[in-house]
Amino acid sequence: MDNKQLSKPFVGKPVLGIESSCDETGVALLRWDPDAPGRGLLAHTLYSQIKLHADYGGVVPELASRDHVRKLLPLIREALAEAGLTVQDLGGVAYTAGPGLVGALLVGASAGRALAWALGVPAIGVHHMEGHLLAPLLEEDPPEPPFVALLVSGGHSMLVEVKAIGEYRILGDTLDDAAGEAFDKTAKLMGLPYPGGPALARLAEQGQPGAFHFSRPMTNRPGLDFSFSGLKTQVLLAWQKSDQSDQTRADIARAFQEAIVDTLIIKCRRALEASGATRLVIAGGVGANRHLRSELAAAGEKDGFKVYFPRLLFCTDNGAMIALAGAIRLASGQHQDASIEVRPRWDLETLPPA
Ligand code: KG4
Ligand code: ZN
């Protein structure tokens, strides 16, 4: 579909955002307004598949896709009702086109594309990590580029220099496990149920300081890349040698969380120094970690940089961040042909400027 075939081109009308890249179905409606609180967010709904995957100890892709099929349309209806809108009011559709699980992505992409085609409005495939990265823009006092973003989710640990929306340079990436993945795997090896990250973080609050100590990987040499898989092995050895009591589990959780958070902060400081930026954005599921949030805020006060976080709900996967990223691009006239394309892998640096 090119511009000429759109019977209703996008003109600041509500955009429907759909997230279905992994185990959360997220839907939101947003009327892009750079000056409005929340940038014009009208409604958001979310369904988490956690219970569905818990028995398997991790996300089962086929089950995830089928559940997105079941939940997506009811969630869209719910969001429209919450905003007091009908589909006819929509000016555009944004859906996560990657990176993520291919079957899960296809559910959101097919529904989004079909709806846009039926309504004659433009649709755009959004990069999931751009969604995370822009999520702090949904808050009061949003960050202005240029800034550095620490993206820490289940699939990614990245430091990104954001010169402008859509102009991204990856300063550091993970060589093995992502930060969220390290949380999840460490939790699992100490017997915590899926998804382990938030449970491990809660347990860490009961741990005694100094009972265990783990290394801060790759901080004793220059560079901005991460590697967390060795830390997981250190935890495994400590756990196997321990009395495996509840208190020991909490003590290890605390030391593990401190090691991850310290490592992330050391690299954030370096990235800010290297880029000359004075604003730091934190996004992605691990951005919900309270210890990370408080330690980074303290580091910012000490060093004179400002830290921006999305609210807790918008750290983990959600439809609002996809509606926002899509609305910004639709507002600048971007959209794609009416073919359903998803990208399980997708390099953030290849995105066009918004
Ligand atoms: O961004 P997200 O919802 O999904 C991906 O795009 O991957 O991130 C999920 C990840 C999971 O690994 C989860 O364990 C982790 O974020 N996570 C946390 C916390 N809440 C979620 N990790 C540490 N502390 C938390 N409070
Ligand atoms: Zn995510």
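Visitor: What gives the most to the shell around ligand 1?
Guide: Some ground rules: this is a predicted model, where local features need pLDDT of at least 70, side-chain atom pairs count only at pLDDT 80 or more, and totals for chains, interfaces and linings use all residues, while side-chain values use heavy atoms, with hydrogens and water left out. Residues are numbered from 1 along each chain as its sequence is written, whereas chains are lettered from A and ligands numbered from 1 in the order in which they are written. Now, α4, α5 and α6 each bring at least two residues to the shell (helices, H or I with at least four residues, and strands, E with at least two, are DSSP runs numbered from the N terminus). The one that gives the most, with 4 residues, is α5.

Visitor: How many residues surround ligand 1?
Guide: A residue is taken as near the ligand if one of its heavy atoms lies within 4 Å of it. The closest are Gly 154, Asp 184, Gly 285, Asn 289 and Asp 317. Count up the whole shell and you get 20.

Visitor: How many polar residues are in that shell around ligand 1?
Guide: Here's the sorting: Ala, Val, Leu, Ile, Met, Phe, Trp, Tyr, Cys and Pro are nonpolar, Asp, Glu, Lys and Arg are charged, and the others, Gly among them, are polar. The shell has 6 nonpolar and 3 charged residues. That leaves the polar group, with a count of 11.

Visitor: How much of ligand 1 does the protein bury?
Guide: Look at the backbone: an oxygen of ligand 1 sits 3.0 Å from a polar backbone atom of Asp 317, and backbone N or O atoms lie 3.1 Å from a ligand oxygen at Gly 180 and 3.4 Å at Gly 155. Taken alone, ligand 1 exposes 560 Å², an area that comes from the Shrake-Rupley method with a 1.4 Å probe (for residues, only the protein chains shown count as cover). The share that the protein buries is 86%.

Visitor: What is the volume of the second largest pocket?
Guide: On a 1 Å grid over the protein atoms alone, a pocket is an open set of points where a 1.4 Å probe fits, with protein on both sides within 12 Å along at least five of seven lines. Grid points are joined across faces, edges and corners, and the volume is the space filled by probe spheres set on those points. For the second largest pocket, that comes to about 300 Å³.

Visitor: Which residues that line the second largest pocket are the closest to its centre?
Guide: A lining residue has an atom within 4 Å of a grid point, and this pocket has 18 of them. By class they are 7 nonpolar, 5 polar and 6 charged, and β5 gives the most, with 4 residues. Closest to the centre are Ala 97, Gly 125, Gln 336, Arg 343 and Trp 346.

Visitor: What is omega for the cis peptide bond from Pro 145 to Pro 146?
Guide: Find Pro 146 in the loop between α4 (128-134) and β6 (147-152). There is also a cis bond from Tyr 194 to Pro 195, with omega near -5°. For the bond from Pro 145 to Pro 146, omega is near 5°.

Visitor: Is Met 218 buried or exposed?
Guide: Met 218 lies in the loop between α6 and α7, and it has a positive phi of about 60° although it is not a glycine. Buried means under 20% relative accessible area, exposed means over 50%, and partly exposed is in between (1.4 Å probe, protein chains only). Because its relative accessible area is 16%, Met 218 is buried.

Visitor: Why does Asp 141 count as partly exposed?
Guide: Asp 141 also has a positive phi, near 55°, without being a glycine. Its place is the loop between α4 and β6. Asp 141 counts as partly exposed because its relative accessibility is 47%.

Visitor: Which side chain makes a polar contact with the side chain of Thr 25?
Guide: Thr 25 is in strand β2, and it counts as buried because its relative accessibility is 1%. A polar contact is a pair of N or O atoms within 3.5 Å; within protein, one must be able to donate a hydrogen and the other to accept it, and residues adjacent in sequence count only if both atoms are side-chain atoms. At 2.9 Å, the partner of Thr 25 is His 68.
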